[in-house]
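I opened my notebook to record what I looked up about a ligand and a helix. The entries follow the order in which I checked things.

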Amino acid sequence: MNVFLTGVSGQLGRALVPRLVGHVVTAPSESQADVTSPSVVDVIARAEPDVVIHAAAYTDVDGAEAHPDLAFAVNARGSRHVAEGAARVGARLIAVSTDYVYDGAKPTPYREDDATAPLGVYGRSKLEGEREMLKVLDGTLILRTAWLYGRGKNFVETILRLAAERDELRVVDDQVGSPTSASDLASAIVSLLAIPCAGVYHAVNSGTCSWYVFAREILALSGLERRVVPISSAELKRPAPRPANSVLDCSKLRSLGITMRPWREALVDYLRAR
Ligand SMILES: NC(=O)c1ccc[n+]([C@@H]2O[C@H](COP(=O)([O-])OP(=O)(O)OC[C@H]3O[C@@H](n4cnc5c(N)ncnc54)[C@H](OP(=O)(O)O)[C@@H]3O)[C@@H](O)[C@H]2O)c1
């Protein structure tokens, strides 16, 4: 298959590349294919892909509050450009979105048809991107994921860095979700290349925890004894509000034959490989 990948230097992009062996892959850097520029439509069309995997995004959740124009340029208009490129050559589009499209007020796991109500700029820009892509290209597949970690800047690396600097860590305990390995998400995406499906799907590792429990598990699996103090989101005072409940029901994905393993198992593999 001829695959065009955006976001190759990101956590998900890096995890995808080795899993796409056997396919012809075009994976330009941001400078070669800036999605905010309409010229990216031609860049995609020239590659004549069968599939476009759109993993590029502006992912700085707090930064988006200060730079909403940039967040919308990349996540909304940029996603539209990517869909236009795919549409021009009749390619399938698989794009990645986020749990932050929900407000987190639901007491049970979110299903794909639950109402969206993003709390911040990042979530709003990603939701607008979803809508733009679905408008431009009917058969677009959108995978909403959450709490992603891979090679790059992420929660696991932050906890390990903080553990090297101090004896006590303060971690939020009032947000729950499913830590998701970029490698596992990449494997799910590669499986989906062979499965005809469209619309919105959730894709996260199974099981749930709070950031506090996640941090404790990272430290325990790394053999690091540190005091971890559970705190509230309010105490952390971050610019962007986060959903309290980021738990995503993946039964729609499972109905396609794709089951993502428990988050702890994936974390063990990540820590072993780093
Ligand atoms: N990280 C999470 O916790 C999380 C949670 C839920 C959903 N998601 C979604 O999952 C997907 C993958 O996220 P990730 O963690 O892999 O993101 P990431 O590590 O921040 O990587 C983002 C990628 O997008 C590229 N990019 C940014 N602006 C661009 C532009 N204007 N044109 C072209 N490329 C651009 C970056 O290139 P440079 O490196 O050159 O800037 C980088 O390769 C995204 O759709 C994200 O919204 C992530």
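Below are my notes on the ligand shell, then on one helix.

Entry 1. I am working with a predicted model, where local features need pLDDT of at least 70, side-chain atom pairs count only at pLDDT 80 or more, and totals for chains, interfaces and linings use all residues. Residues are numbered from 1 along each chain as its sequence is written, and side-chain values use heavy atoms, with hydrogens and water left out.

Entry 2. I looked up the ligand's surroundings and found 25 residues (a residue counts if one of its heavy atoms lies within 4 Å). Ser9, Glu30, Thr59, Tyr122 and Lys126 are the closest. I sorted the shell into twelve nonpolar, nine polar and four charged residues (Ala, Val, Leu, Ile, Met, Phe, Trp, Tyr, Cys and Pro are nonpolar; Asp, Glu, Lys and Arg are charged; the others, Gly among them, are polar).

Entry 3. I checked polar contacts (pairs of N or O atoms within 3.5 Å). The side chain of glutamine 11 has an N or O atom 2.9 Å from a ligand oxygen. Aspartate 34 places a polar side-chain atom 2.9 Å from a ligand nitrogen. Leucine 148 uses a backbone N or O atom, 3.1 Å from a ligand oxygen. Of the 910 Å² of accessible area the ligand has on its own, the protein covers 80% (Shrake-Rupley method, 1.4 Å probe).

Entry 4. I turned to helix H4, residues 68-88 (helices are DSSP runs of H or I, at least four residues, numbered from the N terminus). H4 spans 29 Å from first C-alpha to last, close to the 30 Å expected for its 21 residues (1.5 Å times one less than the number of residues). I found a kink of about 35° in H4, centred on glycine 78 (the angle between axes fitted to the seven residues ending there and the seven starting there). Glycine 90 follows H4 and has a positive phi, near 70°.

Definitions and conventions
Polar contact = N/O pair within 3.5 Å; in protein donor to acceptor, adjacent residues only side chain to side chain. Helix = DSSP H or I, 4+ residues; strand = E, 2+ residues; numbered from the N terminus.
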